[in-house]
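Here's a quick tour for anyone meeting this protein for the first time. Have a look at the sequence and the model, then read on.

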Amino acid sequence: MFATILLPNFYLQAIARHQPKLREQPLAVLDATAIKAVILQLNEAAENEGVRAGMTPSQALARCLRLVIKARARDCEQQLSDILLHHAFMLSPFVEATSPGICTAEFKHANGLLQKLRHIIDLLARCELTARAALATNPDASFLAAHLAEPVLEVSDAKDFFASLPIEILAMEPIP
């Protein structure tokens, strides 16, 4: 069995974790070190104003003058990654940092895993982090299911699970 724990909008969470007022307003994150700075992630308030990932800052501001644009906070991202890994290792000694804000754990025994995942999600919430998790028989299914979890999802039959997914979920762009 495999479990994937996902911190959705990882870059946004890293920036706004301890700033509740910032979370309430339209907010977008960009990578200031990229050759062409574009919006990487945005919150729902920014999306409702017409801002989209991939826009330049000037395009985004043209759609929403109240938009707060922040550069990625790599120190905060590292702290969140450390917190995520710490909690994942509470589940299993077989953990992989899959990508920023995502880790996958393998289990030799499946006893009480769903309850343990719920507990980890609750512990992460106490750290002011929004997390999702999924449990499946293979790592790909757990990864995709974690994106759909609210907040925890178990996939018992990966074949049926994949067949029911919309094509958009299968074409997700990886986070840089």
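Let's begin with a pocket: helix α1 (residues 10–16) gives the largest share of the lining of the second largest pocket, three residues. Keep in mind that this is a predicted model, where local features need pLDDT of at least 70, side-chain atom pairs count only at pLDDT 80 or more, and totals for chains, interfaces and linings use all residues. Residues are numbered from 1 along each chain as its sequence is written, and side-chain values use heavy atoms, with hydrogens and water left out. Helices (H or I, at least four residues) and strands (E, at least two) are DSSP runs, numbered from the N terminus.

**The second largest pocket**

- A pocket here is an open set of points on a 1 Å grid over the protein atoms alone, where a 1.4 Å probe fits, with protein on both sides within 12 Å along at least five of seven lines.
- The second largest pocket holds about 250 Å³ of space, a volume being the space filled by probe spheres set on the points, which are joined across faces, edges and corners.
- Its lining residues (those with an atom within 4 Å of a point) include P8, N9, L12, Q13, R23, N43 and E128.
- By type, the lining divides into five nonpolar, four polar and three charged residues.

**Two lining residues with positive phi**

- N9, one of the pocket's lining residues, sits in the loop between β1 and α1.
- Its phi is near 50°, a positive value in a residue other than glycine.
- N9 is partly exposed at 38% relative accessibility; that label covers values between buried (under 20% relative accessible area) and exposed (over 50%), using a 1.4 Å probe and protein chains only.

**The open sheet**

- Five strands make up an open sheet in the order β5-β6-β1-β7-β8, with mixed pairing.
- At the edges are β5 (94–99) and β8 (152–154), each of which pairs on one side only.
- On average, neighbouring strands of this sheet are turned by 15° against each other, direction ignored; the axes are lines fitted to C-alpha atoms, and angles run from 0 to 180 degrees between N-to-C directions.
- Strands of a sheet pair through backbone hydrogen bonds, either parallel or antiparallel.
- Two strands count as paired if DSSP finds at least two bridges between them.
- Strand β1 (residues 2–6) runs antiparallel to β6 (residues 102–106), with five bridges joining them, and F2 has E106 as its bridge partner in β6.
- β1 also pairs with β7 in the antiparallel sense over five bridges, with L6 opposite R132 in β7.
- β7 and β8 run parallel and are joined by three bridges; L135 has E154 as its bridge partner in β8.
- How much of β7 (residues 132–136) is covered? Four of its five residues are buried.

**Salt bridges**

- A salt bridge means a side-chain nitrogen of Lys or Arg within 4 Å of a carboxyl oxygen of Asp or Glu, and by this rule there are seven.
- D31 and R74 form one of them, at 2.9 Å from N to O.
- That pair links distant parts of the chain, 43 residues apart: D31 is in the loop between β2 (27–30) and β3 (39–42), and R74 is in helix α5 (residues 74–88).
- D31 is buried at 14% relative accessible area, whereas R74 is partly exposed at 41%.
- D31 and R74 belong to a network of salt bridges that also links R72 and E77.
- E49 meets R66 in a salt bridge, with the closest N and O atoms 3.3 Å apart.
- E49 lies in the loop between α3 (44–48) and α4 (57–63) and R66 in the loop between α4 and β4 (68–71), so the pair ties together parts 17 residues apart in sequence.
- E106 and K108 form a salt bridge at 3.7 Å; E106 is partly exposed at 29%, and K108 is exposed at 56%.

**A cis peptide bond**

- E150 and P151 are joined by a cis peptide bond, with omega about -10°.
- P151 is in the loop between α7 (139–148) and β8.

Conventions:
Ala, Val, Leu, Ile, Met, Phe, Trp, Tyr, Cys and Pro count as nonpolar, Asp, Glu, Lys and Arg as charged, and the others, Gly among them, as polar.
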